[in-house]
Amino acid sequence: MNLAYYPFQLITTKPSEVTVIDTASPKVLTDLTEALRNDFDKVVLSNDQLELQEIRKGSLWVGDPILELDLDKLFQRLIYKKMGLSIEDRRLVELIDESQQLAMNLLQDPFLSDLPITVEPGGKLEQIMKYCNVHFDEAVTSESTSKIEALIQTLTKLEEKKLVILTNVSHYLSAKDFLSMTEQIVDTELQLVLIEFSKVNRKEYFEQCQYIYIDEDFVDSRELD
């Protein structure tokens, strides 16, 4: 994928790689986050053939992993869909039969049997999964390192092809945890972009990534290499 943000050089991302756009400029930070979150035209997205892509279709905005990321809200529908496509017919029939049996057991309760009430068993996998309250474990969602790890693991399992965009990740991870995250990405086909804010160039911290630093004077570090 390619990100074009005038007047800076084109930013090209690759699968299995983390691209970091770190800046000391509030304007650059605001431009990038607003454009990529809200599909504004200050940033232009294109594929490897330089064909223009709609930002909302070609990228997945995750944002701040603590303040914005809700794993269930982001993934629940996608998990239902993926499960529906991958589950074996035999297993699906078994689950539907079990849900029908549960419905019949409910109707045998004396309280319900004396009322003009019926029970509709889940006839679809999504209904069954909603009934079972399939959701991410609280131990994962309450801690930043585990939450980011679960995010990457789920994106990988869902075979996500979009450009995945996060912000402020370095605020929540130690250098060791950040290294583990980049190593996790190497074993995937994900293309990850991190938008960060820093008054100083942090190339050493992000040494395992494609690192781009734009300072307060709008100087792109790639122009100095």
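Why does leucine 106 count as partly exposed? Leucine 106 has 42% relative accessibility, so it counts as partly exposed (buried is under 20% relative accessible area, exposed over 50%, partly exposed in between; 1.4 Å probe, protein chains only). This is a predicted model: local features need pLDDT of at least 70, side-chain atom pairs count only at pLDDT 80 or more, and totals for chains, interfaces and linings use all residues. Residues are numbered from 1 along each chain as its sequence is written, and side-chain values use heavy atoms, with hydrogens and water left out.

**Nonpolar cores**
- The largest nonpolar core holds 29 residues, and Met181 and Leu194 have the most contacts inside it (a core is a set of buried Ala, Val, Leu, Ile, Met, Phe, Trp, Tyr and Cys residues joined through side-chain atoms within 4.5 Å).
- Elements giving two or more residues to this core include β3 (17-23), α8 (144-157) and β8 (191-197) (DSSP runs numbered from the N terminus: helices are H or I, at least four residues; strands are E, at least two).
- Helix α8 gives the most, with 5 residues.
- A second, separate core of 20 residues includes Val28, Leu32, Ile165 and Ile195.

**Contacts of two residues**
- Beyond four places in sequence, leucine 194 touches Val18, Val20, Phe178 and Met181, among others (contact means heavy atoms within 4.5 Å).
- Asparagine 168 sits in the loop between β7 and α9.
- With neighbours within four places left aside, asparagine 168 contacts Asp64, Ile195 and Glu196.

**Leucine 106**
- Leucine 106 belongs to helix α4 (residues 89-107).
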